[in-house]
Amino acid sequence: MPLLAVNIGNSHTVLGLIADGVVSADWRVSTLEHRTADEWWALLRGILGDSSVAGVDGVVVCATVPSVLHEWREMLARHLGSVRSVVVEPGVRSGIPILMDNPREVGTDRIANAVAAVALHGGPVIVVDFRGTATTFDVVNAAGQYVGGAILPGIELSLEALGRRGAQLRKVELARPRSVIAKNTVEALQSGMVFGVAAQVEGMVARIIAELDVSADDVTVIATGYLAEFVLDECRCFSAHSPWLTLQGLELIFQRNVVR
């Protein structure tokens, strides 16, 4: 039976049915902080259907929004109390050492990314996760230890900020423009978001590899996140594209924390 893996982010919540690393169905919904436990339950039943909810092998959740995580805990206790569940948080076994000043501060979605990356490719590995609010870089060394990373403003957040704060700018569709040198304002914004972000990512990856003091040929660089496709073809640094990396990591964490 599949596992329900849930990644609650600042902008969106991604839900997926996963078994042995393969996602058979997935959904992405807005993360609304005012949504109650019962509303999440109604949404979940509407998405999956009663039979699919009853048929899941378990539930694993990670979240970057504490208020939403609180409602999910309530929902799991009230409506899915008989289903095995794991909430990824400090104290949960991830299987990789977290070499940070304060490991509790690391986003649990980032830990899930690192867990899956090591399982799939070993170290050293860099994960670049493209989401709306933030683009994150997570780094695992050759010994399989999580050593840190970086956080940049996300593509959607940056585009929204320009549209709001720029007096002569406006919101535009996120799409690849005809060329880097744009001939109009819309394509100028699109050029910055696609080609500019690609150049930014390539520069960050190069700096990370230099700091790791390893050969670029020995490092696996993985792109993930729902916005990766907009810059994937413009970046020469990626070794792999793993759209479901976070959910795959959540499945592994679930398996390491549930006694069968």
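Which residue does the UniProt annotation "binding site" cover? According to the record, which is an unreviewed entry, that residue is Asp-129. Keep in mind that what we have here is a predicted model.

Asp-129 sits in strand E6, which runs over residues 125-130. Is Asp-129 buried or exposed? Its relative accessibility is 2%, and the cut-off for buried is under 20%, so Asp-129 counts as buried.

Next, the neighbours. Leaving aside residues up to four places away in sequence, Asp-129 touches Asn-113, Ala-134, Thr-135, Thr-136, Thr-224, Gly-225 and Thr-246. There is also a polar contact at 2.6 Å, between the side chain of Asp-129 and the side chain of Arg-131.

One of those neighbours, Thr-246, takes us to helix H7, residues 245-257. H7 has 13 residues and spans 19 Å from first C-alpha to last, close to the expected 18 Å. Thr-246 is among the buried residues of H7.

Now the domains. The chain is divided into domain 1, residues 3-87, and domain 2, residues 108-244. Taken over C-alpha atoms, the centres of the two are 26 Å apart. How many residues are in contact across the two domains? Eleven from domain 1 meet eight from domain 2. Between them, the domains bury about 780 Å², with 58% of that on carbon and sulfur atoms.

To return to the opening point, the annotated residue is Asp-129, and in this model Asp-129 is buried.

Key:
Residues numbered from 1 in each chain as written. Predicted model: local features only at pLDDT ≥ 70, side-chain atom pairs only at ≥ 80, totals over all residues. Heavy atoms only, no water. Helix = DSSP H or I, 4+ residues; strand = E, 2+ residues; numbered from the N terminus. Expected span 1.5 Å × (residues − 1). Buried < 20%, exposed > 50% of the residue type's maximum accessible area, 1.4 Å probe, protein only. UniProt positions renumbered as here; feature names shortened; annotations may be inferred. Contact = heavy atoms within 4.5 Å. Polar contact = N/O pair within 3.5 Å; in protein donor to acceptor, adjacent residues only side chain to side chain. Domains from an automatic or database assignment. Buried area = accessible area lost by both parts, 1.4 Å probe.
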